[in-house]
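Here is a short report on pockets and aromatic contacts. Look over the sequence and the model before reading on.

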Amino acid sequence: MAFGIKRDELQSWKEKVNQNQIAFLTHYWIDERFPDCNTVTKVGCKDLQKLFEWGQRYGLKKEWVDYRWDFPHFDLVGERQLKVLKAENQWEQIERFKLDG
């Protein structure tokens with residue numbers, strides 16, 4: 001279940017994904033499979049080759065891409081989420097969701 005995101009933030013992310021940009025969207029999230037994680041970052045891009053190559057830099061496998069909703073993306077949680085957000089200078093999301101402790 002996702003929450004803590006505004007409609008315009010989701011729309012902006014979708015537009016960037018459709019424009020073949022690497023786009024980041026973090027939101028609160030509850031999933032029984034990940035009881036210690038309360039946020040997820042979706043990193044998407046319609047250009048699959050670009051998304052795969054981006055993911056390789058962080059050890060992400062193309063098999064992990066989620067194709068739901070016609071917006072291909074990686075779902076990042078936990079330590080990997082924070083590591084990638086820092087490397088990509090996504091400080092607003094790190095601060096907003098208090099991901100750095």
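## Tyrosine 28 and phenylalanine 97

Phenylalanine 97 is buried, with a relative accessible area of 5%. The model is predicted. Tyrosine 28 is partly exposed, at 26%.

These two rings form an edge-to-face aromatic pair. Their centres lie 4.9 Å apart, with 70° between the planes. Tyrosine 28 sits in strand β2 and phenylalanine 97 in the segment after α4, so the pair ties together parts 69 residues apart in sequence.

In one of them, tryptophan 13 and phenylalanine 71 have ring centres 6.1 Å apart and planes at 45°, so the pair is tilted. Tryptophan 13 belongs to helix α1, and phenylalanine 71 to the loop between α2 (48-56) and β4 (73-76). Tryptophan 13 is buried at 5% relative accessibility. Phenylalanine 71 is buried too, at 13%.

Ring pairs also link Phe24, Trp54, Tyr58 and Phe74 into a cluster. Lysine 46 lies over the face of phenylalanine 71, 5.7 Å from the ring centre. Arginine 68 lies over the face of tryptophan 69, at 5.0 Å.

The largest pocket holds about 440 Å³ of space. It has 19 lining residues; closest to its centre are Trp29, Lys42, Arg68, Trp69 and Asp75. The lining divides into eleven nonpolar, one polar and seven charged residues.

The second largest pocket has a volume of about 180 Å³. Its lining includes Trp13, Phe24 and Phe97. α1, β2 and α4 (91-96) each give two or more residues to this lining. Six lining residues are nonpolar, three polar and three charged.

Terms used. Residues are numbered from 1 along each chain as its sequence is written. This is a predicted model: local features need pLDDT of at least 70, side-chain atom pairs count only at pLDDT 80 or more; totals for chains, interfaces and linings use all residues. Side-chain values use heavy atoms; hydrogens and water are left out. On a 1 Å grid over the protein atoms alone, a cavity is a set of points where a 1.4 Å probe fits but cannot get out, and a pocket is an open set with protein on both sides within 12 Å along at least five of seven lines; lining residues have an atom within 4 Å of a point. Grid points are joined across faces, edges and corners, and a volume is the space filled by probe spheres set on the points. Ala, Val, Leu, Ile, Met, Phe, Trp, Tyr, Cys and Pro count as nonpolar, Asp, Glu, Lys and Arg as charged, and the others, Gly among them, as polar. Helices (H or I, at least four residues) and strands (E, at least two) are DSSP runs, numbered from the N terminus. Rings of Phe, Tyr and Trp (its six-membered ring) pair if their centres lie within 6.5 Å; planes under 30 degrees apart count as stacked, over 60 as edge-to-face and the rest as tilted. Buried means under 20% relative accessible area, exposed over 50%, partly exposed in between (1.4 Å probe, protein chains only). A charge sits over a ring if NZ of Lys or CZ of Arg is within 6 Å of the ring centre and within 35 degrees of the ring normal.
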